Amino acid sequence: MTIKWAADINMGRLVKFVKGELPPGDNAQEAVNLLDIILRHYASTIPGCEPVTRGWYLQSLFSRTPQDRDLSGGAEAWNGLRLSMRPGVKSIFLNADLATSAFLTPGPAITVLQNIVGRNVKLDRELPAGAIERANSTLKNVRIHLTDFRQTGRKKYNIGRLSKEPASRCSFERTVDGTTTKVTIPQFFQETYNKRLQYPNLPCFEVGGGSRKILIPIELCEIPAGQTYRKKLDDVQTAKMIRIAQQRPIDRLNRTSQGVNQLVGPAREGQDFRENDYLKAFNVKLAKDMLTVNARILPPPVVAYNPSSRAKEVIPRDGVWNMKDRKVARGMALHSWSVLIFAPEPMLPRSAVTTFVKKLVEVCKATGMEIQQEEPTLRYGRDANVEDNLNASFRDAGENCRKRPQMILVILPDTNPRRYAEIKRVSDTVLGVITQCMQAKHVGKAAAQYCANLCLKINVKLGGFNAFLPAKAGPQGQPQLPFISEAPTLVLGADIVHPGPGEGNTRPSIAAMVGSLDAQCARFAATLRIQRAQGGRQRSDIIQDIYGMTTELLRSFYKEAKTKPRRIVIYRDGASEGQFREIRLTEIAAMRRACEDIDRNAAPGQPPYRPPITFIVVTKRHGTRMFPKRKEDADQSGNVMPGTIIDTNIVHPKEWDFYLNSHSGLQGTSRSAHYHVLHDDNKFTADKLQEMTYRLCYLYARCTRSVSVCPPIYYADLVAARARAHFKGMEWGSEDDTTSVSSAAQEDASKVWVERFATVHKDLAQVMYYM
């Protein structure tokens, strides 16, 4: 081992940073990294703690608990703690947050295999192709140890894949005393180690690489603990993970304190700080207790509905209200639609569907929609030809009403993601008609609340809007969205969605943007792009064509409002702190060019169109949690109240950021959204920007409650997620390309995805089809 000098780290720069004395963009990150290493080294030496890293950077430490944490499918949940040092105003803070992650279940490989393929698959027979595919996607690159059937030789390997043939049909040539014979895997182990294989019909693990591939029977291996589960969790696993991970605020607070005591060290008696041998060696001391900060709570806005409603305005309480005695603000007419049922008729009789449709029509009319066709055509379909069934249902709707079809209500027997993706691809890009999918299990109940929720989504998809914040409301007639209602304002949301676990590194990232179309910020047009691989960087978090996307949304705004926006506010998701400088140099500059060029092309010689831009980065996945100190400051779930703002102490020492908890907790501990203002031409005050952002959170069209981040971010995320279904002939669910590929191969694959991507039908361009 050779130790070389790398750099001198000036800790004085960190002191200047927290005092706000360093130039913009300089955050003394190397000094923060050093403190992270000192902090985490002690934790990494504790027996039973498994580190999870990203590159060289240690993110979390997990430990296996004795409780039942099985997620099924060969996965189990481990509890852990994320530790990091975070600069604040004039101080450095330890940020500690509980984490729950999926790990591969340790134990005999044969048992793990049984958990993966399912108990209904018999191991004394050859595995079916589907079972081998599931095992390969889960066990690829997993570390295995050999059991003690031999005394010498290598005992640790990484799995390449399962062999195509069972062990009984895998053979090789073996030379003994000059005689070469062909021997099968079971014969070899019987003759060499006197080990009789109990499962000769199972495949072997292929380990090693190149021409030196080695076959090892599965029953002779075991899987050690502490290996992360790399495959995407299915619906059942996700539901179990959510139940395990959710913690009441008081429980999360106590468990976090216990974790810090274990991984950092408790404070000794009579001391006000924590330390361990490593912190002590570097003269670092941590406070004993969690930080108490001052917060303020913003009042909720007035939410308005159709003037013909019995109760046309409501002031939400704890971020929640309902539709009782209220009609949607702008109800659309539904005159041409049909119903397509993928559940078999014996499972879902026609009479049950008819009864549900009648209830849905009744609720939609009571909610303010106009349903001209109360008896749509019903058709049963099959998964084998989804596109043909949708085409037939589309024709049914048109022929029944002699008008262009507006909607297809699709009833599904389960949550099969491939069927759902094909339905959305055909309806969004081929037919140009909205589809509303629902599960068959809700048909028999025909619950009014469920029908009301469907109505909210259908109305928005048709081009209506459900609620708005009035220009003036309350006793003093105060404006509810003053900045946006005072002048034509374009509110944008932007996000980038990357391929999920198990989807391989040749899948493209998708960038999406939405833009408001009215002064109520109730309707949003959408645009999206496929991110091309560049120089081996497949997962860039910089939106490559924000120029073209901004241009599209400016035109959509002008088409609807008949005027150019006089100012622009953009909420940007999917960016980390390390990319702020690049975003300033690329995305904000590209948006400025888009504004100037769109006006120059339309009216040569006119002064440049330069509306003021406010650019705000929104972070949802951070480790900062807030807990109310007093019971009277908590909502019914024990979380901080909706409207809680924190903009002191734990924020950036020099730049403008704040934490906003805009929603009421449903389950577990709420996570506030972190808003960081990168650029502000509109000269917002802190109060005005925070109030506007919070009030926007009451305009999410899908529900009657405030949401955790402002709706433009939610909508952009929905658009990007929907775009994953718009690729023909290439499935996102397959996991056969998870191996590393060269940057050239990534760029070639990126071009293929772009070529096979279908654009959204022109008839859906101005409606919120993605809801």
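Student: What makes residues of helix 17 buried?
Tutor: Buried means under 20% relative accessible area, exposed means over 50%, and partly exposed lies in between (1.4 Å probe, protein chains only). In helix 17, P711, P712, I713, Y715, A716, L718, V719, A720, R722 and A723 are buried. Ten of the 13 residues are buried, so helix 17 is largely enclosed by the rest of the structure.

Student: Why is it called a helix, and how far does helix 17 reach?
Tutor: Helices (H or I, at least four residues) and strands (E, at least two) are DSSP runs, numbered from the N terminus. Helix 17 covers residues 711-723, which is 13 residues. The expected span is 1.5 Å times one less than the number of residues. From first C-alpha to last, helix 17 reaches 18 Å, close to the 18 Å expected.

Student: How do you know how far to trust the model?
Tutor: This is a predicted model: local features need pLDDT of at least 70, side-chain atom pairs count only at pLDDT 80 or more, and totals for chains, interfaces and linings use all residues. Residues are numbered from 1 along each chain as its sequence is written, and side-chain values use heavy atoms, with hydrogens and water left out. pLDDT is the predictor's confidence in each residue, from 0 to 100. The protein averages 88, and 92% of the residues score at least 70. Over residues 732-742, pLDDT stays under 50.

Student: What makes a set of residues a nonpolar core?
Tutor: The members are buried Ala, Val, Leu, Ile, Met, Phe, Trp, Tyr and Cys residues, joined through side-chain atoms within 4.5 Å. The largest such core here has 93 residues. Y571, Y675, M692, Y715 and Y770 have the most contacts inside it. A second, separate core has 34 residues, including A77 and I159.

Student: Why are strands 16 and 27 called edge strands?
Tutor: Two strands pair if DSSP finds at least two bridges between them. Strand 16 (296-297) and strand 27 (524-531) each pair on one side only. They belong to an open sheet of nine strands, ordered 16-30-31-32-29-28-25-26-27, with mixed pairing. Two bridges join strand 16 to strand 30 (residues 644-646), and these strands run antiparallel. R296 stands opposite I645.

Student: What makes the phi of N141 worth a look?
Tutor: Most residues other than glycine have a negative phi. Phi of N141 is near 70°, a positive value. N141 lies in the loop between helix 4 (129-139) and strand 7 (143-146).

Student: Is N141 buried, exposed or partly exposed, and which is N194?
Tutor: N141 has 43% relative accessibility, so N141 counts as partly exposed. N194, at 62%, is exposed.

Terms used. Contact means heavy atoms within 4.5 Å.
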